[in-house]
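Let's take a walk through this protein together. Have a look at the model first, then read on.

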Amino acid sequence: MGCGSSSSARPTWDPSAPLASGSDKEVFIGSFKGEPVAVCVPKKQGQARLHAEIRALNSIGRHPHIVALVYTSTLSSAHGFYFALEAVEPVGYDLDRCIKQYLFAKQGVPSNLIRTLIKQLCSALDHMHGKRIVHRDVKAENVLVTKNYDAKLIDMGIACQCGIREERWVWASKTYFPPELCQGLVPQDTKVSPLIVGKVIVEVSVIDPGDDCAIEAWG
């Protein structure tokens with residue numbers, strides 16, 4: 001039986017069946033008040049990042065294209081610290097997988113779909129910027145795609161308030177973070193987002209050559 005199974009007041013999940021496991025947390029599919037949720041449980045080295053993610057989500061509030069925080073435990077909880085997000089179905093289907101699905105079929109991603117998802121991503125970022133919060137980790141893997149092909153921005157673990165200055169080199173195969181911000185030469189600012197979104201557009205815009213809307217969409 002999953003954690004918290006004795007009470008409907010908190011999420012339940014099967015701790016033996018993680019959906020995903022990263023450097024800072026494990027994610028499980030669970031249930032809360034009869035609805036599916038994604039339960040995030042930090043690893044020892046990931047508690048600070050998950051606390052930061054909760055603070056960011058609380059500051060951001062609700063938006064149709066940002067994953068919603070639905071439950072937060074306390075450090076004194078019998079099951080330790082964790083939080084739950086709305087579950088986005090199909091589970092684990094992000095923009096990166098969407099792109100690969102079309103590439104596997106030897107097709108380009110339809111331009112109308114690209115346009116819709118990018119517009120929704122920009123709406124989510126605009127909402128965050130209105131709260132003076134910078135996401136800082138926008139990439140295809142952090143944009144979930146719902147069964148209705150709508151975008152949901154996730155992973156606020158390194159989101160921050162505008163104006164802070166820090167060094168944060170990103171040693172990874174996909175670096176979406178501008179080097180001047182990594183080096184701490186300038187304060188964190190919303191001006192970084194157009195560059196990051198541009199990189200996502202380049203990645204996703206393998207347009208189907210038979211798509212008559214392509215020129216209109218990107219003209």
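Which residue in E4 stands opposite Gly-30? That would be Val-37. Keep in mind as you look around that this is a predicted model.

## Strands side by side

Gly-30 and Val-37 face each other where strand E3 (residues 25–32) pairs with strand E4 (residues 35–42). The two run antiparallel, with eight bridges between them. Together they make a hairpin with two residues between the strands, and Lys-33 has a positive phi there, near 55 degrees.

E4 also has a partner in strand E6 (residues 83–86): those two are antiparallel as well, joined by four bridges. Here, look for Val-39 standing opposite Ala-84 in E6.

## A helix to follow

Now find helix H3, which covers residues 111–130. Its 20 residues reach 28 Å from first C-alpha to last, close to the 28 Å expected at 1.5 Å a residue. Quite a few of its residues are buried, including Leu-113, Leu-117, Leu-121 and Met-128. After H3 comes Arg-132, with a positive phi near 65 degrees.

## What's packed inside

In soluble globular proteins, nonpolar side chains tend to be buried together. In this model, the largest nonpolar core has 48 residues, and Phe-83, Leu-95, Met-128, Leu-153 and Met-156 have the most contacts inside it. H3 gives the most to this core: eight residues. There's also a second, separate core of eight residues, and Phe-32, Val-39, Tyr-71 and Ala-84 are among them.

Terms used:
Residues are numbered from 1 along each chain as its sequence is written. This is a predicted model: local features need pLDDT of at least 70, side-chain atom pairs count only at pLDDT 80 or more; totals for chains, interfaces and linings use all residues. Side-chain values use heavy atoms; hydrogens and water are left out. The expected span of a helix is 1.5 Å times one less than its number of residues. Buried means under 20% relative accessible area, exposed over 50%, partly exposed in between (1.4 Å probe, protein chains only). Two strands pair if DSSP finds at least two bridges between them. A nonpolar core is a set of buried Ala, Val, Leu, Ile, Met, Phe, Trp, Tyr and Cys residues joined through side-chain atoms within 4.5 Å.
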